[in-house]
Amino acid sequence: MVAVTGVVSVVAAAIKAATGLVGVGKTLWFLPTFLAALAYYNYDLFDPEQRPINQKVLREEYDFIIVGGGSAGAVLANRLSEVPHWNILLLEAGGHETEISDVPVLSLYLHKSKLDWKYRPQAQETACQAMIDKRCCWTKGKVIGGSSVLNTMLYIRGNRRDYDQWASMGNYGWSFDEVLPYFKKSEDQRNPYLAKSPYHSTGGYLTVQDNPFNTPLGVAFVQAGEELGFDIVDVNGAQQTGFAFYQYTMRRGYRCSTAKAFLRPVRLRRNLHVALWAHATRVLIEPNTKRAYGVEFIRDGVKRVALARREVILSAGAVASPQLLLLSGVGDAQHLQEVGVPLMHHLPGVGQNLQDHIAAAGLTFQVDYPVSLVMNRLVNINSALRYAILGDGPLTSSVGLEAVGFFTTKYGNQTDDWPDIEFMLVSTSATTDGGTQVKKAHGLTDAFYNDYFAPLNNKDVFSVWPMILRPKSRGYVKLRSNDPLRYPLMVHNYLTHPDDIRVMREGVKQAIALGETAALKRFGARFWRKLAPGCKHLPFYTDEYWECYIRQYTLTIYHLSGTCKMGPASDPAAVVDPELRVHGIKGLRVIDASIMPRVTSGNINAPTIMVGEKGADMIKALWRDSRRRRRRRREVSFDAEHCTNCTIFDI
């Protein structure tokens, strides 16, 4: 009876939360039945007792305060709380994950929901011209687990050369050979063949697996890559150039967010407090010593303060981490004066060096057979029950992302394994759901969508998204005012560097070529040959047309990074040193994707988790060494003149 009551209460809560989060339209008519089945067959997954505990009463002082419970922050909270005599506070502005966020195919329904910060950068003429107000949409997770709750779960580490380049810029300890152990430390690789590789490991907190469901197009994508002369590779192994099936941060068909991976298993640790719905507003810094000693935050509408004995760690992401530094008086002196924030330390690199991966979206191919993912066909009671009972089927699809290809255009060194384009190969398109949630998530105008895409609504299609891996364009984040609750000024500067548009254009041409392979032609693949709005004055297939198209449907892949650049003190643009300590401020670190001096060649969730793992070890090493030094000081505090054959420690 108790179990039945528990299931009923979980179902009721799940339906209420889900409908409040995303609504229930025509596409999600099956949601109540689906959630009831999930709760019945997987009660242990949805039992609220398994969630991280939202600590209501906080201590006045902690050893470490972590701001942001996302992909890096959750890792840090787990690893630092392994030291039993350290007390850890994790502040997260959002709340708990939901049942909807666990279902891979529904991830786009989380965009613009209550779990999303819903950032929108400034309108610019260089990109996103097909979006509402010509403004791109930056989805970032406002939830425990951060963007790992909203993303497409793709597990891509990047290229060896990325990290070797970081090290060559003066960042000791960050070469590929030095960061590989941290990728492996997190990983629980479920593919038995990859698990045997020296590049992978098992037993970590983060489950990495192949998708249990692929359409026939997924296999054809990989075969098409072979037909073009590429190898089939492990893109997280010895060679990145080539084609492969994606791997995902997924566990038995359900999303494996960093909250699920790193926080749920340690939820009962007495020395770890997690405070949800706690919006950090600034770091407290002692002006004379320039030492961070706490965090000011708002919770339940009340301004509060928590003190840190050892360190404050910002893991709030590439927008919020520089915003918090600026609000705390750390940044460019002139800018801080303009917005009325008292200067603590002049650090002009804060908020600069913004990088992101963008793709030319909407490159759509029709097919003649029912082999793609069409929402009104796959969303039904049968697929819902298959997912709930077995954890497989079409609902495990990550919005159709099935395969990946890495290659180098003519603008790179094709003899070197350092690709400049990633193909995201998708058995869906913007038209898959009939012009509802995908259009909304991407922010497309009705005029653009209806003109270009509407004739393909609910038809069998696939798409290829060429994503530029190492953009040269740089944006920035600045404060609009000293109001901590006001979103900062965000300028993406996409495609402002001429090399970026050239590389993207070559990626589009290769995408068209991929669709001409025999592997895809056997499904009747044909490119959607319709002139895009805004580009109809240009001849089709010309460089000028492709440049115009790329600037119309410019899709961020949500890989914001670089705004608290890591670098040595000799680098005037650096914000943190190679141990992720903020230059000029004691007791303050930034540990998230914002520290990347150059964005990695691929999707960045896995590298961000790695940064969290490595950052935690650097903190442990510093404070454990400090403890040993203090112990040694006590051992030599006697008069050395009266000691013969004694070791005198130089502290």
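T249 is buried, with a relative accessible area of 3%, where buried means under 20%, exposed over 50% and partly exposed in between, for a 1.4 Å probe and protein chains only. The structure is a predicted model, in which local features need pLDDT of at least 70 and side-chain atom pairs count only at pLDDT 80 or more, while totals for chains, interfaces and linings use all residues. Residues are numbered from 1 along each chain as its sequence is written, and side-chain values use heavy atoms, with hydrogens and water left out.

To return to T249, this residue sits in the loop between strand 6 (247-248) and strand 7 (250-251); helices (H or I, at least four residues) and strands (E, at least two) are DSSP runs numbered from the N terminus. Its C-alpha lies 6.2 Å from that of Y155, although the two residues are 94 apart in sequence. Leaving aside residues up to four places away in sequence, T249 touches M153, Y155, L206, T207, R255, C256 and N605, a contact being heavy atoms within 4.5 Å.

The cysteines come next. A disulfide is taken as a pair of cysteine sulfur atoms within 2.5 Å, and by this rule the count comes to two. In the C128 and C136 pair, the sulfur atoms are 2.0 Å apart. The torsion about this S-S bond of C128 and C136 is about 100°, so the disulfide is right-handed; both C128 and C136 are buried. The other pair, C535 and C548, has its sulfur atoms 2.1 Å apart, and with a torsion of about -90° about the S-S bond the disulfide of C535 and C548 is left-handed. Because C535 lies in the loop between strand 22 and helix 18 and C548 in helix 18, the pair ties together parts that are 13 residues apart in sequence. C535 is buried at 0% relative accessible area, and C548 is buried at 13%. By contrast, C137 is in no disulfide, and the nearest cysteine sulfur, that of C136, is 7.5 Å away. C137 counts as buried, at 8% relative accessibility.

Helix 18 (residues 543-552) deserves a look of its own: seven of its 10 residues are buried, so this helix is largely enclosed by the rest of the structure. The buried residues are Y545, W546, C548, Y549, I550, R551 and Q552. They pack against strand 15 (358-360), helix 15 (446-452), helix 16 (498-515), strand 22 (526-527) and strand 23 (554-556).
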